[in-house]
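Biologist: Could you walk me through this one before I start on my own notes? I would like the overall picture and then a few individual residues.

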Amino acid sequence: AQTVTQSQPEMSVQEAETVTLSCTYDTSENNYYLFWYKQPPSRQMILVIRQEAYKQQNATENRFSVNFQKAAKSFSLKISDSQLGDTAMYFCAFMKPGGATNKLIFGTGTLLAVQP
Amino acid sequence: DAEITQSPRHKITETGRQVTLACHQTWNHNNMFWYRQDLGHGLRLIHYSYGVQDTNKGEVSDGYSVSRSNTEDLPLTLESAASSQTSVYFCASIETSVVSGANVLTFGAGSRLTVL
């Protein structure tokens, strides 16, 4: 079974600085998706970024980028120029795709606090 | 606009009562999921469905049941609520198209359940 591990329960960063959130996963699959979701105090789950395992290029969405190391099964999230609105719980997630068998497996989350 | 709605958003009940949390999506997605979110555990999969009349158990299914009589709805029932089921519950859905980069889980806003 697939597992996702986030080893940093809490992190703090100063506004405008850069922070990296760690995520490792375990799978025997070769094709899969990885995601970072953000959950602000409103509780809404918001997709931050997505990475397809078959793509070597790291995904980027504005200030958010990932460092995807497939061999090491590592998927870290880098937030550049941190903003107060980035304060949230961040979840790393794994999905094996494929029609009627996809489901998302989550890590335990990292609570990020951006300090003014 | 298509959406996924959960109700109620907040509920307080007593131990032993039957509780049903509703989930309704207008995306016409085949796959629907129920997760519970607890501090230190992230989001854990309770039940999921890949289509009408299909239901499957997730990793924490004991004490919960679901039914899928149509595409839009996947109600989650707690047959006899227990204090350990105090949690925030999220419903989600995804399209089951052939593997593509567009597969992203869409979440409802969550339902906070307190069992006294």
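This is a predicted model: local features need pLDDT of at least 70, side-chain atom pairs count only at pLDDT 80 or more; totals for chains, interfaces and linings use all residues.

Biologist: Fine, start with chain A. How many helices and strands does it have?

Modeller: Chain A has zero helices and 12 strands, so that, read along the sequence, its pattern is β-β-β-β-β-β-β-β-β-β-β-β. Its radius of gyration is 14 Å, close to the 13 Å that the globule rule gives for 116 residues, so chain A is as compact as a globular protein of that length.

Biologist: And what box do its C-alpha atoms fill?

Modeller: Taken along the principal axes, the C-alpha atoms of chain A fill a box of roughly 45 × 30 × 20 Å. Of its 116 residues, 47% count as buried, and among the contacts with a separation of 6 or more, 55% are accounted for by residues 24 or more positions apart.

Biologist: What about the surface and the charges of chain A?

Modeller: Chain A exposes about 5,400 Å², with carbon and sulfur atoms supplying 47% of that area.

Biologist: Now chain B. What is its pattern along the sequence?

Modeller: Chain B reads β-β-β-β-β-β-β-β-β-β-β, with zero helices and 11 strands. Its radius of gyration is 14 Å, which agrees with the value near 13 Å that a compact globule of 116 residues would have, and its C-alpha atoms fill a box of roughly 45 × 30 × 30 Å along the principal axes.

Biologist: Let's go to single residues. Is A:Gln51 buried or exposed?

Modeller: A:Gln51 has a relative accessible area of 1%, and therefore it is buried; its place is in strand 6 of chain A, residues 46-52.

Biologist: Which backbone oxygen lies 3.1 Å from a polar atom of its side chain?

Modeller: That is the backbone oxygen of A:Lys55, which lies 3.1 Å from a polar atom of the A:Gln51 side chain. Leaving aside neighbours within four places in sequence, A:Gln51 is also in contact with a set of residues that includes A:Tyr32, A:Tyr33, A:Leu34, A:Val66, A:Phe68 and A:Phe75.

Biologist: And where does A:Ile79 sit?

Modeller: A:Ile79 lies in strand 9 of chain A, residues 74-79, and it counts as buried because its relative accessibility is 0%. Beyond the neighbours within four places in sequence, its contacts are A:Glu17, A:Thr18, A:Val19, A:Arg63, A:Phe64, A:Asp86, A:Tyr90 and A:Leu112.

Biologist: How far apart are A:Ile79 and A:Arg43?

Modeller: They are 36 residues apart in sequence and 20 Å apart in space, C-alpha to C-alpha.

Biologist: Changing topic, I want the backbone geometry. What is phi of A:Asn62?

Modeller: Phi of A:Asn62 is near 55°, a positive value in a residue other than glycine. A:Asn62 is found in the loop between strand 7 (60-61) and strand 8 (64-69) of chain A, and with a relative accessible area of 74% it is exposed.

Biologist: Last one: is the peptide bond from B:Ser7 to B:Pro8 cis or trans?

Modeller: That bond is cis, with omega near -5°, and B:Pro8 is found in the loop between strand 1 (4-7) and strand 2 (10-13) of chain B.

Technical notes
Residues are numbered from 1 along each chain as its sequence is written. Chains are lettered from A and ligands numbered from 1 in the order in which they are written. Side-chain values use heavy atoms; hydrogens and water are left out. Helices (H or I, at least four residues) and strands (E, at least two) are DSSP runs, numbered from the N terminus. Buried means under 20% relative accessible area, exposed over 50%, partly exposed in between (1.4 Å probe, protein chains only). A polar contact is a pair of N or O atoms within 3.5 Å; within protein, one must be able to donate a hydrogen and the other to accept it, and residues adjacent in sequence count only if both atoms are side-chain atoms. Contact means heavy atoms within 4.5 Å. The radius of gyration is taken over C-alpha atoms; the globule rule is 2.2 Å times the number of residues to the power 0.38. Accessible areas come from the Shrake-Rupley method with a 1.4 Å probe; for residues, only the protein chains shown count as cover.
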